[in-house]
There are 2 protein chains.
Amino acid sequence: MSKKLKVDGEDAHAEIQAQCEEMQRVQSKLEDVEAEFDKKVLELQSEFNVKKTPLYIERNAIISKIPNFWYIAFTHSDIMRMLLHRDDEHIFKHITSLVVEEKEDIKSGFKITVTFSENSFFTNRELWKELTFTDTAETKIDQSGVDWKPNQGPNKASNAAVGEKRDRDEESFFNAFFNNADKDHVDMANIIKDDLWPNPLRYYTGEVEDDFDEEEEDFDDDFDEEEEVEEAEEDEAAE
Amino acid sequence: MSKKLKVDGEDAHAEIQAQCEEMQRVQSKLEDVEAEFDKKVLELQSEFNVKKTPLYIERNAIISKIPNFWYIAFTHSDIMRMLLHRDDEHIFKHITSLVVEEKEDIKSGFKITVTFSENSFFTNRELWKELTFTDTAETKIDQSGVDWKPNQGPNKASNAAVGEKRDRDEESFFNAFFNNADKDHVDMANIIKDDLWPNPLRYYTGEVEDDFDEEEEDFDDDFDEEEEVEEAEEDEAAE
């Protein structure tokens, strides 16, 4: 195209090489500016997390006064309700707090911690799941595990009972979520962090009931949602 | 569940109602903190855009010294090359600058402006495309249009020539991209903004050649990429 290239190939090549090096120098400066920006945003995030912490504590104190708050919030989410075993309801009664904490560098992960009052199901007072996003774009999954009491959890006698109609998953949510590093539960952890935690009141009141159908197509199936909601609400009213 | 509900239903209901209102008050405070955070991030973005502007200007000055820089960069991208008409090469020679500008509130969109030296193809000295993200999550698409000179662009005689092998799109990239508000070109505009603009040198040198195969599955097809790259490079070397 350019006559320069034709007339004086080698010089032109050297000249282009020099321009590319010059441009690389500018690119490095742009990268430095980007890195400085990212650092400032992280500082801002830490600063605002500090501002939000007392509000989350205040919110938790209010939630603790509302009977079965987290159970009702969970059952008002189509996707989360799908993961609940009927018996989980009794475990939910013992939740004293549910907390999502982003790591200081929020890019690197978060931890969900659920605390419980003394109960007949497991010996843990705290169950937690932690996701760590590594530099290689992998997600490292850690969790507390559940120390079920004898004849509870996966070994519960009634799990093997004959003739009992089971319309939810055979496995306790608590066992599934806090006892293994299954990749499937990464989505669930993200839903808790991004959807439930920012405004759990909207779940408790049922305001966001159908959000997932629109937003999370991956979870769309022919699960009979209306029936399940009614059932959960009847359960709630009956007790 | 709670005995309170059973023993004294109405009072319990009023109490829960009061707790929900209290929680809503806390949620509003959390939203205020989030809004303040978003505002600070936008301020930071504006501040850093100001820092980057002179570097982009410096980069553009270097690019203008490299023959056919933008043409070569475009042809090193599988997806962008697919949109190029063979005749576009001659138009690319006249590019004097390509600039992507994010709007001050970068959430609201960006504008791609390409300027040209006097040429025999169109009368415009500037072609631009602007995407505006509206509050209703729609993307508004505006563009300069191309004022083709007589017997150029879509009306070019050779477009109808018989017996000429055409291995690229029959329509000029410039016509397709700057002359209509087709949603298909929103993806293209985003690729220019997010992939090409941040580091065009990587495209010029061919370093990122195969990136799109991994990242942009939507554009994956059985287009014979290798052959096209070689052809583009031969064209380049021949002139």
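Visitor: Leaving aside its neighbours within four places in sequence, which residues is V186(B) in contact with?
Guide: This is a predicted model. In it, V186(B) touches L131(B) and I141(B), once the neighbours within four places in sequence are set aside.

Visitor: Is V186(B) buried or exposed?
Guide: V186(B) is buried, because its relative accessible area is 12%, and the cut-off for buried is under 20%.

Visitor: And which helix holds V186(B)?
Guide: V186(B) lies in helix α7 of chain B, which covers residues 184-196.

Visitor: How far is V186(B) from K129(B) in space?
Guide: Their C-alpha atoms are 9.6 Å apart, although 57 residues separate V186(B) and K129(B) in sequence.

Visitor: Let us turn to chain A. What is the strand order in the open sheet?
Guide: The order is β1-β2-β3-β4 in chain A, four strands with antiparallel pairing. At the edges are β1 (95-102) and β4 (139-143) of chain A, each of which pairs on one side only. From one strand to the next, the twist averages 10 degrees.

Visitor: How many bridges join β1(A) to β2 of chain A?
Guide: Seven bridges link β1(A) with strand β2 of chain A, residues 109-116, and the two run antiparallel. Within β2(A), T115(A) is the residue opposite S97(A).

Visitor: Which helix packs on that sheet?
Guide: Helix α7 of chain A, residues 184-196, packs there and touches β1, β2, β3 (126-133) and β4 of chain A. The direction of this helix makes about 80 degrees with that of β2(A).

Visitor: Now a change of topic. How many residues does helix α2 of chain B have?
Guide: Helix α2 of chain B, residues 9-63, has 55 residues. From first C-alpha to last it reaches 75 Å, close to the 81 Å expected at 1.5 Å a residue.

Visitor: Where does α2(B) bend?
Guide: The bend in α2(B) is at K52(B) and amounts to about 30 degrees. A proline, P54(B), follows within four residues.

Visitor: Finally, what rotation superposes chain A on chain B?
Guide: A rotation of 180 degrees does so, with 0.0 Å of shift along its axis and an RMSD of 0.1 Å. The two copies are therefore related as by a two-fold rotation axis. In chain A, V41(A) has the C-alpha nearest that axis, 3.3 Å from it.

Visitor: What percentage of the contact residues of chain A recur in chain B?
Guide: The figure is 98%; the same surface serves both copies.

Technical notes
Residues numbered from 1 in each chain as written. Chains lettered and ligands numbered in written order. Predicted model: local features only at pLDDT ≥ 70, side-chain atom pairs only at ≥ 80, totals over all residues. Heavy atoms only, no water. Least-squares fit on C-alpha atoms with pLDDT ≥ 70 in both. Contact = heavy atoms within 4.5 Å. Expected span 1.5 Å × (residues − 1). Bend = angle between axes of the 7 residues up to and from the residue. Buried < 20%, exposed > 50% of the residue type's maximum accessible area, 1.4 Å probe, protein only. Pairing = 2+ DSSP bridges. Axes fitted to C-alpha atoms, helices over the stretch in contact; angles between N-to-C directions.
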